[in-house]
Amino acid sequence: MIFNINFLVGMIPVATATVILLSVYAIAVIYLVFKGFRQTQNMSDFAVGSVSFSPAFVGLSLAASMTSAATFIINPGLIGTYGISGFISYGLALPITAVFSLILLTKGFRKFGSKVSALTMAQWMGNRYNSKGFSLFFAFLSLLLITFIVLICVGISQVLSKALDVDAVWVLTGVVVFIFGYMMFGGANSMVYTNAIQAISMLIVAIVLIGSGYEYLEEGINGFMEKLNTIDPLLTKPLNPESPIFRDYFEIIFCQMVVGIAIVCQPHILTKSLLLKKESDVNRYLIVGSIVQFLFFLVVIAGFYARIEFPNLMADGSPIAPDGLISTYVVSKFPVYISIVIIFGLISAGMSTLEGLIQSLSTTITSDILLKISPISIREKLTRPKTGMLVNKLVIILLAVVSFIFSYQQLINPNMSVAIFAQNGVYAYFSCAFIPVLFGMFLQRTNPKAVYLAAFTALIVYFSIYYGGLTPYMKGEVKNPAISSAIAIISSTAIGLIFYFVLPKQGKDEM
């Protein structure tokens with residue numbers, strides 16, 4: 001019987017198996033969304049949930065949210081294209097500092113977030129520094145995270161396009177309609193359920209992908225490196241001068257470590273801890289989340305396997321772009337019944353983060369922008385639970401339209417990789433957020449003006465370097481956002497510390 005089932009599954013084309021998989025997954029998601037929707041009565045429920053979840057469950061949800069299509073789909077493609085230098089950058093330097101920063105920052109953020117009932121990062125900023133203007137500044141700054149949504153939409157579309165053998169634009173349309181559609185109803189209550197399921201599937205796929213190159217390791221590490229060296233000697237070098245983003249140690253280690261420390265300062269990551277109802281749950285939540293997250297980061301190793309499989313980066317006579325390398329590898333390397341499991345995991349990697357971004361961004365736009373800038377008469381209506389939820393649904397529809405337009409452009413005409421487009425927005429955001437979050441938790445009497453100046457400095461320095469071409473790294477056609485982000489964070493830190501010591505400290509009654 002088992003033989004017959006395996007034989008039957010093996011006979012099913014990948015496209016048909018993928019359709020069946022997507023159908024089952026869609027039914028499961030709709031059920032969980034409906035379950036969460038019944039427990040979502042207002043914007044607070046939508047943002048941080050009304051259900052008490054296990055810390056391990058929320059930890060899985062955290063790992064799923066931190067891991068996007070970039071980790072499972074885009075970054076492995078860049079590493080397969082440019083080699084060991086990319087692995088040092090995306091597989092070691094950034095992950096180690098990101099996990100360390102997550103542990104360090106989560107406890108402080110959660111403690112203050114729970115204390116002031118902050119639902120979003122913008123609210124946390126405004127409440128911590130007692131400034132509505134600063135809150136509004138970060139609410140508008142959060143719009144930069146739309147670039148991350150675009151990356152995920154493109155990554156999922158690339159995978160499903162290969163699996164279904166359908167044009168990526170049509171796949172993109174279905175992805176946007178389905179995901180944004182169900183996020184209009186579930187919010188945090190359903191998202192923890194779906195994220196946990198996605199994290200489990202991603203865990204399985206991570207193990208499969210990491211182990212999928214065992215045949216290339218039969219001769220040991222030296223034999224594996226020799227295979228890569230035969231394809232291109234630069235693949236085995238710690239630096240790749242021909243790469244636009246892995247050229248020297250400053251770029252692949254220092255900048256990525258700075259970015260790794262600050263990358264945690266994103267709303268869909270830090271606010272995840274607010275789902276915990278008890279302080280005693282935090283340690284278990286962090287242990288589960290950190291271990292699973294680090295394993296996910298190691299998936300980039302699969303990029304090497306894909307490069308050995310496609311040494312000339314060609315498939316059926318067509319060039320393979322970095323964004324499409326892993327999806328091509330999966331469809332061609334594995335039998336159908338394993339391919340559909342991996343495809344599900346790759347989709348989950350994107351959808352888990354996408355759900356968190358849609359939830360946090362829509363909440364920010366509804367609660368922190370529209371509610372704050374609207375006339376008093378409209379503001380009073382927005383504070384009503386049903387009206388607030390209706391407006392939030394309309395905001396999600398608007399986000400869907402904007403995301404589709406940008407995603408379409410990146411599918412048709414990417415600048416090397418959609419990762420560069422996404423990093424440009426995301427890195428700018430957390431470059432500005434890092435010092436306000438850090439000082440807000442560890443320097444309790446910080447004068448708010450020091451933080452304002454630090455955040456504005458980061459914003460100005462970041463975009464001046466990136467678009468002004470102010471360093472030698474920014475002279476090429478493809479620019480590395482990690483460079484401008486690292487310099488912006490260092491500049492912001494220097495300004496913040498200078499004015500922290502120069503300006504009078506905040507009194508205890510002002511905190």
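Because the model is predicted, local features need pLDDT of at least 70 and side-chain atom pairs count only at pLDDT 80 or more, while totals for chains, interfaces and linings use all residues. Residues are numbered from 1 along each chain as its sequence is written, and side-chain values use heavy atoms, with hydrogens and water left out. Helices (H or I, at least four residues) and strands (E, at least two) are DSSP runs, numbered from the N terminus.

**Empty spaces**

- Rolling a probe the size of a water molecule over the atoms shows where empty space is left.
- On a 1 Å grid over the protein atoms alone, a cavity is a set of points where a 1.4 Å probe fits but cannot get out, whereas a pocket is an open set with protein on both sides within 12 Å along at least five of seven lines, and lining residues have an atom within 4 Å of a point.
- The largest pocket has a volume of about 280 Å³, and its lining includes Q158, K162, F310 and D316.

- Helix α4 (residues 55-66) and helix α18 (residues 336-373) pack at an angle of about 100°, with their axes 7 Å apart, the axes being lines fitted to C-alpha atoms over the stretch in contact and the angles running from 0 to 180 degrees between N-to-C directions.
- That angle makes α4 roughly perpendicular to α18, a term for angles of 65 to 115 degrees.
- In α4, A64, S65 and M66 meet A349, S352 and T353 in α18, where contact means heavy atoms within 4.5 Å.

**Two buried residues**

- Q158, in helix α9, counts as buried because its relative accessibility is 16%, the cut-off being under 20% relative accessible area with a 1.4 Å probe and protein chains only.
- Leaving aside neighbours within four places in sequence, Q158 is in contact with D323, S327 and L411.
- I252, in helix α13 (residues 249-262), is buried with a relative accessible area of 0%.
- The C-alpha atoms of I252 and S85 are separated by 7.0 Å, although these residues are 167 residues apart along the chain.

Technical notes
Points joined across faces, edges and corners; volume = space filled by probe spheres on them. Parallel < 35°, antiparallel > 145°, perpendicular 65-115°, else oblique. Buried < 20%, exposed > 50% of the residue type's maximum accessible area, 1.4 Å probe, protein only.
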